[in-house]
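Hi there,

Here is the structure I promised to pass on to you. My notes on it follow below.

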Amino acid sequence: MSEQNKIDENELVNDNEGHRNIRVTIYEVARAANVSLATVSRVINCRGNVTSKTKERVERVIAEMGYRPSVVAKALATNRSTNIGVVIPSANYVYISNMLNGMIEVAKERGYNLTLFVTSNSHDDAMAMVEKVISSHVDGAIIFDDQLGEEDASKIASYDVPTIVINNLVKHYNVGCILFIYDAVLRNVINEKIKSQFQKPLVFLHVHNCGRILANAENIFIDTCRANNVEYHIMNVDDSYTKTYSAFMNYFKEHKSGYFVAYRDSIAASIINAATDSGLNVPEDVEVISLIGTKYANIVRPTISSMNIDMQEVGKKAVYMLNELGEGNLKNRVCEIDCSYLKRQSTKE
């Protein structure tokens, strides 16, 4: 992750009214008022027996410290069902399904309800869907959409709804972030391939409108090739196994080798199958890596070398973070998820 994306967890942040503040938690209120968490909760939610003297003291501390109980915390305290809106680009991708499985597992554990909002490959649609989620009276939101940029993420932060943003950095008291750290790993993979003095063309497969992950990976690929003064190629393909397979059957009529960086496992598999059906050997003639590895990387033959992020753990982490954020107890607003490279049969190194 680049230096400009680093965030100091102790940094003051702006709330949606422009004031600079640090989020006050229910734990700090209880400590300052010298009462239990349960007592503060009863005062906030007007439930249970609290003496007038204790109530006045707690309310005075709340006013002095500027504590604002979140909707998630209120839902938990009143035993009301907590509704979480989840924005995703598509449930059809395996890695998105894995992330959802992680969310569902924790939601069941905590008794939360999840509502899915699926966007198309359109920036305007993604932003409209986010606004729909925020305005639908959810208690919290988890947003993972690769079409949204920094300005959009900042707009999300202006709503007074606890939100976890995946693969985007937002500095705001009411937002937590999960970032994928893959730059150095991908750069190292490409560097090692170049150092091996191979004789194959280096090719990156560009898929139109596939978002920030692919765009960043493409920039890393280009920068690394240029830094080593080696030739490279960018090849436009469809985000479709069938169409990519057909395109590579034609490609391999003239080109008999290559090192290909594909968006995800199905695209990588289409290249491998087209190469095999064209009489080429993998990895001797053709090498392929996948940027987003899933279980299918281990199922196809030959198996696919891939970048790997445990998306099920990402989904779990997102719900846990949202719960802590809603309770005012999220200490680390930015969670970095490291990516690893798993070398399998589709590459020599």
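**What I found**

Let me start with a pair of helices: α1 and α3 cross in a right-handed way (a crossing is right-handed if the near helix is turned clockwise from the far one by less than a right angle, and left-handed if anticlockwise). Before going further, please note that this is a predicted model, in which local features need pLDDT of at least 70 and side-chain atom pairs count only at pLDDT 80 or more, while totals for chains, interfaces and linings use all residues. Residues are numbered from 1 along each chain as its sequence is written, and side-chain values use heavy atoms, leaving out hydrogens and water.

Back to the two helices. α1 covers residues 26-33 and α3 residues 52-65, and they pack at about 125° with their axes 9 Å apart. Axes here are lines fitted to C-alpha atoms, for helices over the stretch in contact, and angles run from 0 to 180 degrees between N-to-C directions. α1 and α3 are therefore oblique to each other (under 35 degrees counts as roughly parallel, over 145 as roughly antiparallel, 65 to 115 as roughly perpendicular and the rest as oblique). On the α1 side, E28, V29, A32 and A33 meet R57, V58, V61, I62 and M65 of α3, where contact means heavy atoms within 4.5 Å. The residues of this contact are 7 nonpolar, no polar and 2 charged (Ala, Val, Leu, Ile, Met, Phe, Trp, Tyr, Cys and Pro are nonpolar; Asp, Glu, Lys and Arg are charged; the others, Gly among them, are polar).

D183, L186, R187, I190, N191 and I194 of α8 meet A217, I220, F221, D223, T224 and C225 of α9. That contact has 7 nonpolar, 2 polar and 3 charged residues.

For the overall picture, the chain has 13 helices and 14 strands. Helices (H or I, at least four residues) and strands (E, at least two) are DSSP runs numbered from the N terminus. Of the 349 residues, 50% are buried (buried is under 20% relative accessible area, exposed over 50%, and partly exposed in between, with a 1.4 Å probe and protein chains only). Among contacts with a separation of 6 or more, 70% are between residues 24 or more positions apart.

Now to strand β7, residues 175-181, where 7 of 7 residues are buried. Which strands does β7 pair with? β6 (residues 163-166) is a parallel partner over 4 bridges, and β13 (residues 334-338) runs parallel to β7 with 5 bridges; strands pair if DSSP finds at least two bridges between them. Within these pairings, I164 is the bridge partner of G176, and I178 stands opposite C335.

Finally, two residues to look up. L342 lies in strand β14 (residues 340-342) and is partly exposed, at 31% relative accessible area. L342 and S306 are 36 residues apart along the chain, yet their C-alpha atoms are separated by 5.4 Å. Beyond neighbours within four places in sequence, L342 is in contact with I304, S305, S306 and N308. D310 sits in the loop between β12 (305-308) and α13 (311-326) and is partly exposed, at 45%. D310 and S340 are 30 residues apart in sequence and 9.5 Å apart in space, C-alpha to C-alpha.

Best wishes
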